[in-house]
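Subject: A structure for you to look at

Hi there,

Here is the structure I promised to pass on to you. Please open it beside this email and follow along as you read.

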Amino acid sequence: MKIIKSAVNWLFKNISDITSLMGAAAITYAAFLLHLIVGFVVLGAFLLLISYFTRPNGGGE
């Protein structure tokens with residue numbers, strides 16, 4: 001019984017650290033997703049720009 005009580009006390013003592021860690025992980029994950037989406041958008045825009053500028057010369061023939 002004393003082990004459970006000490007575990008609960010430890011959890012309540014460290015719950016702010018755990019929640020801040022989870023918040024940091026969530027922020028990092030969101031930033032990673034945003035970075036991925038922005039990267040794909042920039043890549044798509046770059047490829048569209050390349051295809052637009054290489055179109056008028058008859059496909060490079």
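Let me start with the rings: searching the whole structure turns up 1 aromatic pair (rings of Phe, Tyr and Trp, for Trp the six-membered ring, pair if their centres lie within 6.5 Å; planes under 30 degrees apart count as stacked, over 60 as edge-to-face and the rest as tilted). The pair is edge-to-face, because the ring centres of Tyr52 and Phe53 are 5.6 Å apart and their planes stand at 70 degrees. Tyr52 is partly exposed, with a relative accessible area of 49%, while Phe53 is exposed, at 61% (buried means under 20% relative accessible area, exposed over 50%, partly exposed in between, with a 1.4 Å probe and protein chains only).

Before going further, a word on the source: this is a predicted model, where local features need pLDDT of at least 70 and side-chain atom pairs count only at pLDDT 80 or more, while totals for chains, interfaces and linings use all residues. Residues are numbered from 1 along each chain as its sequence is written, and side-chain values use heavy atoms, leaving out hydrogens and water.

Now the overall picture. The chain has 1 helix and 0 strands (DSSP runs numbered from the N terminus: helices are H or I with at least four residues, strands are E with at least two). Its radius of gyration, taken over C-alpha atoms, is 26 Å, well over the 10 Å that the globule rule gives for 61 residues, so the chain is more spread out than a compact globule (the rule is 2.2 Å times the number of residues to the power 0.38). The C-alpha atoms fill a box of roughly 80 × 15 × 5 Å along the principal axes. Of the 61 residues, 2% are buried.

How far apart are Lys5 and Tyr52 in space, C-alpha to C-alpha? They are separated by 68 Å, and by 47 residues in sequence.

Best wishes
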